[in-house]
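Here is a chain to explore by question and answer. Look at the picture, then read on.

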Amino acid sequence: MLLEQLQANDRSDAYPFHMPGHKRRMELGTDAYHLDITEIDGFDNLHHAQGILKEEQARYADYIGVNRSFFLVNGSTCGILAAISAAVPRGGKLLMARNSHKAAYHALFLRQLRAHYLYPCITGFDIQGAISPDQVKKALEDDPEIAAVYVTSPTYDGVVSDVKAIADLVHEHGKTLIVDEAHGAHFGFHPAFPPSAAGCGADVVIQSVHKTLPAFTQSAVMHLCSDRISADVLEQFLDIYESSSPSYVLMAGISRLVPFLQSEGAARFSELAKNLEQFYEKTKKLSCLHVIREEDLSRSEAFLRDPSKILISTKNCNINGRQLYERLLEEFHLQLEMYSGEYVTALCSLMDQAEGFERLADALIAIDAAIYRLSKEDQPFVARMYREREQVCSIADAMEQETEALPWQKAEGRISGEYVYLYPPGIPILVPGERIDARVICDIEEIRARGMLPEGLRDMQARSIHVISFYNNCID
């Protein structure tokens, strides 16, 4: 049973370098079943908040310093859907980073929007970098039909874009800026971490508090920071995208964050910053593996970087990301968040303990001593996976066409009718409406050869893809 497996995991000595941010170290004081209610008298209604839930959301907004805060119990996903829907009219155009989470693409489909993509640079360590203000400026000047701008900052890898400069440009053009800050709910609370987009001029900021703060999985908050988007319209779309039966257990977990941060935040963030500093220092002299530091990335690649996203590169080593991930788990009982082609990611929060950082550093030193460097450099994995694709028609148009399943080897030249992405982080490699070329097919073959399985396809084994059967000239 799932419950028994969860209990066994909790009893194990596997250290959680992954979400959720509470790291299984918070207590409710009672069994969650005793707290699980519906909208009974005295407990308000999230979709028509007039009492305690209105007060809790207002308290969060005051603490962050924004106009309004909305509790989200469907994760950041429903906030992303609502924000894009409220900012861009049906059939309109959104300027968005191509490395956006799949939820943003779902908003494109649901609202029949057209996308103008911004492609982040690929850094020397094969991670996706920042979106530059110059990219945003050029796109806005080239395409006056753009209604709003959507960027992800920080990325899943902790790369932060210059949100303030981007916000200034967006507002100069009379547009709205939405920032997916799902992985940055801890920003702005300590100088060791970047400032929040909420204080840098973004109009709407969506944060997954469960990722880096001590809250339950699926808990998020959306901040309305200006008057450029109507709060009433945002609420209308939240009524559509968010459950009509919101969990009071999840909302209680969100509401306890402000008093927790007020009483313990400063000390815990200082402790996290100290542990991270010691970890980075201890792993500075690895011979083969490399722990990526902010100084490894130029200002154009990453305006800032969140040090709590620990990235360990296997570039030019005789092991890849998956092999390092598996060794850390099997030999050292360290459960990391994810692996990619040539790196692994450990996510940290203010609930982490010094013991975890010491175990990870010691494990990396031991593995580093047992591997060797390769003399030949291969083309970086991420650079190949997330390159620019030919956008033939909109996502909505593509997904409303009749499709047929073809083996990948026979799909070259056809138009994709479905998504292909690696999860995590859930960033599409291929989007409905994009052309399948020979490089995409090679990419899929390499992903499978590395033991990774693409998601988003109806074929769970990823041997085939649904393509548009009869292309009817659905060009935007």
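**Inside the fold**

Eleven of the 13 residues of helix α3 are buried, so α3 is largely enclosed by the rest of the structure. Buried means under 20% relative accessible area, exposed over 50% and partly exposed in between, with a 1.4 Å probe and protein chains only. Helices (H or I, at least four residues) and strands (E, at least two) are DSSP runs, numbered from the N terminus. This is a predicted model, in which local features need pLDDT of at least 70, side-chain atom pairs count only at pLDDT 80 or more, and totals for chains, interfaces and linings use all residues. Residues are numbered from 1 along each chain as its sequence is written, and side-chain values use heavy atoms, with hydrogens and water left out.

Q: How far does helix α3 reach from its first C-alpha to its last?
A: Helix α3 covers residues 75-87. The expected span is 1.5 Å times one less than the number of residues.

Q: What radius of gyration does the chain have?
A: The radius is taken over C-alpha atoms, and the globule rule is 2.2 Å times the number of residues to the power 0.38. With 476 residues, a compact globule would come near 23 Å. The chain agrees with that, at 22 Å.

Q: Is strand β15 largely enclosed or exposed?
A: Strand β15 covers residues 343-347, and five of its five residues are buried. Tyr343, Thr345 and Leu347 cover one side, while Val344 and Ala346 lie on the other. So β15 is largely enclosed.

Q: Which residue of β15 stands opposite isoleucine 310?
A: Two strands pair if DSSP finds at least two bridges between them. Five bridges join β12 (residues 309-313) to β15, and the two run antiparallel. In β15, isoleucine 310 faces alanine 346.

Q: Which residue of β15 is the bridge partner of methionine 338?
A: Strand β14 (residues 338-339) pairs with β15 in the antiparallel sense over two bridges. A hairpin of three residues joins β14 to β15. The partner of methionine 338 is threonine 345.
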